[in-house]
Amino acid sequence: MKSLQLKTSYFNSARTYRASLKQYHIWEPGAWVVVPPALGLATLILIDVVTGSLPVSVVVAVLMIFISLVALLALSKYPSDAELPQHMEQTKNELAQLSRKATQTEARIGELQQGLEQELVLNANLVAQNKERERISSARYQCQQLFNENWRAMRSVEFEQYLERVFQLLGYQTQTTNTTGDQGVDLIVEKAGRRIAVQVKGYFHSVSNSAIQQAFTGMRHYNCHACAVVTNSKFTASAIELAESTNCVLIHEDNFREFVFGEIEFV
């Protein structure tokens, strides 16, 4: 594009020079004889003042005379008067076409930059998703390890400690109550500001409705939002009926896996 701009400037200068000669009725060979020596003399004086060296000034003045003479001859003869408008129009069209291509290229670069930014955002999202998958996979692995333990045979404190580990893995904060005077609650677990009173029953036989009554009472006593009874056995029919009317969550051997994997909502 720079070369086309230089050509355009040259053709404009040639047109202005020739138009000036015609407008002021200047004899063209006279311009060749007068202008270069005048520029050479001015250059001689200027360089001599600046450098104080006459030989240097003379050399530079001669070069100026030669260059200005060649420039005037070029402006006068190339291109011819008949060809000059055609050359100017052709150069103008080429410059416009090149400008359009440059605009298209800039637009394409903008699109590529936008696409690159989108790819970077997408890659960042994929990295975040992969990390989340790894976290979930790790959590599920730990859940599976807990579920693989012999929880069916656990009793009393052992079962309570096991459930503490399960709740903690699921993101709950846990608190054990006193062994005596616990008001029917063995664990208090909390998550997202919601407190749950948990009655733990490591039983071989079925759990009766008294456990639901204790959990419900303990919920009120400890200012909890919900209550649950967790057993590694089963519940009696009356216990299940009471749990439905009191909104007490029941965890038993049939849904124990869902509990360990965090698939049961307590609140």
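Predicted model: local features only at pLDDT ≥ 70, side-chain atom pairs only at ≥ 80, totals over all residues.
Stepping back into α6 itself, you will find 13 residues, 209-221, reaching 19 Å from the first C-alpha to the last, close to the 18 Å expected at 1.5 Å a residue.

Which residues of α6 are buried? They are A211, I212, A215, G218 and M219. Viewed down the axis of α6, the buried residues fall within an arc of 130°, so they line one face of the helix. The elements covering them include the strands β3 (194-201), β4 (226-231) and β5 (249-251), along with α7 (237-246).

Now let's turn to the aromatic rings. Searching the whole structure gives 11 aromatic pairs. Take F159 and Y162: their ring centres are 6.4 Å apart and their planes meet at 10°, so this pair is stacked. Both sit in helix α5 (residues 156-169), three residues apart, which is about one turn of the helix. F159 has 0% relative accessibility and therefore counts as buried; Y162, at 1%, counts as buried too.

Y162 also pairs with F256: the ring centres lie 6.3 Å apart with planes at 15°, so this pair is stacked as well. Here the pair links distant parts of the chain, since Y162 belongs to α5 and F256 to helix α8 (residues 256-260), 94 residues apart. Y162 and F256 are both buried. F159, Y162 and F256 are among the members of one aromatic cluster, which also includes W151 and Y172.

Finally, look for charges over rings. The charged end of K191 sits over the ring of Y172, 5.1 Å from its centre, and R257 lies over the face of F261, 4.1 Å from the ring centre.

Notes: Residues numbered from 1 in each chain as written. Heavy atoms only, no water. Helix = DSSP H or I, 4+ residues; strand = E, 2+ residues; numbered from the N terminus. Expected span 1.5 Å × (residues − 1). Buried < 20%, exposed > 50% of the residue type's maximum accessible area, 1.4 Å probe, protein only. Arc of directions from axis to C-beta. Contact = heavy atoms within 4.5 Å. Phe/Tyr/Trp six-rings, centres within 6.5 Å; stacked < 30°, edge-to-face > 60°. Lys NZ or Arg CZ within 6 Å of the ring centre and 35° of its normal.
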